[in-house]
Amino acid sequence: MRPRIGQLLLDFDGVLARYRRERRIAHLAAHAGAGFDRVHAALYGSGLEARYDAGAIDTGDYLRALGEGIGAPVDEDAWLAARLAATEADPQALARVLALDGGLPLAILTNNGALMARAIPRIVASLLPRLEGRVLCSGPLGGRKPDPQVFGRALDRLGWNPATTLFVDDLFVNVQGARAAGLHADSVRDARALGRVLGRYGLA
């Protein structure tokens, strides 16, 4: 028997948008006049990005550490410019989501620090009326997907029941975490697969 879904929770990068990490690194390198490898090491080799995504460091300390790592100050606007340069909405995925029943509550749950909540509305502006502010980043939730506790905290904030919530991500490990938290969940790799999953659960 097909489950009754009352809410849809979506990952961001890889589902609603295409993210090119190398473009972000190149943009920050140009900002700082630094080499690509130095920026990569400051963000990822040091573990700084992962700590920010997990809420282990706040935005101010994160930006200071990033600036020190790449050799030039990075404020919120510089960070956002680099992220926006590296991310573009998937128009086909957005079209499939926008075609869903207007009464279906939607939300985003992404493995990112708090700053990403400023970027997402600019990348998927057409989706904002349907989201009604329901954009959740893992950092403020104190962890990262696939930790089941992150899903639990997200649903607590949303006031949603896991048994009637469908979660969609491009990584199966995150799907497993959602299922462990009691959600229905499936993985997709493109807009066509997203359409199939939505249809399978009776939403499209």
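Thr-110 stands opposite Cys-137 in strand β5. This is a predicted model, where local features need pLDDT of at least 70, side-chain atom pairs count only at pLDDT 80 or more, and totals for chains, interfaces and linings use all residues. Residues are numbered from 1 along each chain as its sequence is written, and side-chain values use heavy atoms, leaving out hydrogens and water. Helices (H or I, at least four residues) and strands (E, at least two) are DSSP runs, numbered from the N terminus.

- Strand β4 covers residues 106-110, and five of the five are buried, so the rest of the structure largely encloses it. Buried here means under 20% relative accessible area, with a 1.4 Å probe and protein chains only.
- Leu-106, Ile-108 and Thr-110 sit on one side of β4, Ala-107 and Leu-109 on the other, and both faces are covered.
- In a regular strand, side chains alternate between the two faces of the sheet.
- Strand β1 (residues 7-10) runs parallel to β4, joined by three bridges; strands pair if DSSP finds at least two bridges between them.
- Within that pairing, Leu-9 has Ala-107 of β4 as its bridge partner.
- Strand β5 (residues 135-137) is also parallel to β4, again with three bridges.

**Helices α2 and α4**

- Helix α2 (residues 36-45) packs on helix α4 (residues 59-70) at about 150 degrees, with the axes 9 Å apart. Axes are lines fitted to C-alpha atoms over the stretch in contact, and angles run from 0 to 180 degrees between N-to-C directions.
- That makes α2 and α4 roughly antiparallel, a label for angles over 145 degrees.
- Arg-38, Val-39, Ala-42 and Leu-43 of α2 make the contact (heavy atoms within 4.5 Å) with Tyr-62, Leu-66, Glu-68, Gly-69 and Ile-70 of α4.
- Sorted by class, this contact has six nonpolar, one polar and two charged residues.

**Helices α6 and α12**

- Helix α6 (residues 91-98) and helix α12 (residues 191-200) have axes that come within 8 Å and cross at roughly 20 degrees.
- The two are therefore roughly parallel, the term for angles under 35 degrees.
- On the α6 side, Gln-92, Ala-93, Arg-96 and Val-97 meet Ala-191, Arg-192, Leu-194, Gly-195 and Leu-198 of α12.
- The class tally for α6 with α12 is five nonpolar, two polar and two charged residues. Gly counts as polar in this scheme.

Definitions and conventions:
Angles under 35 degrees count as roughly parallel, over 145 as roughly antiparallel, 65 to 115 as roughly perpendicular and the rest as oblique. Buried means under 20% relative accessible area, exposed over 50%, partly exposed in between (1.4 Å probe, protein chains only).
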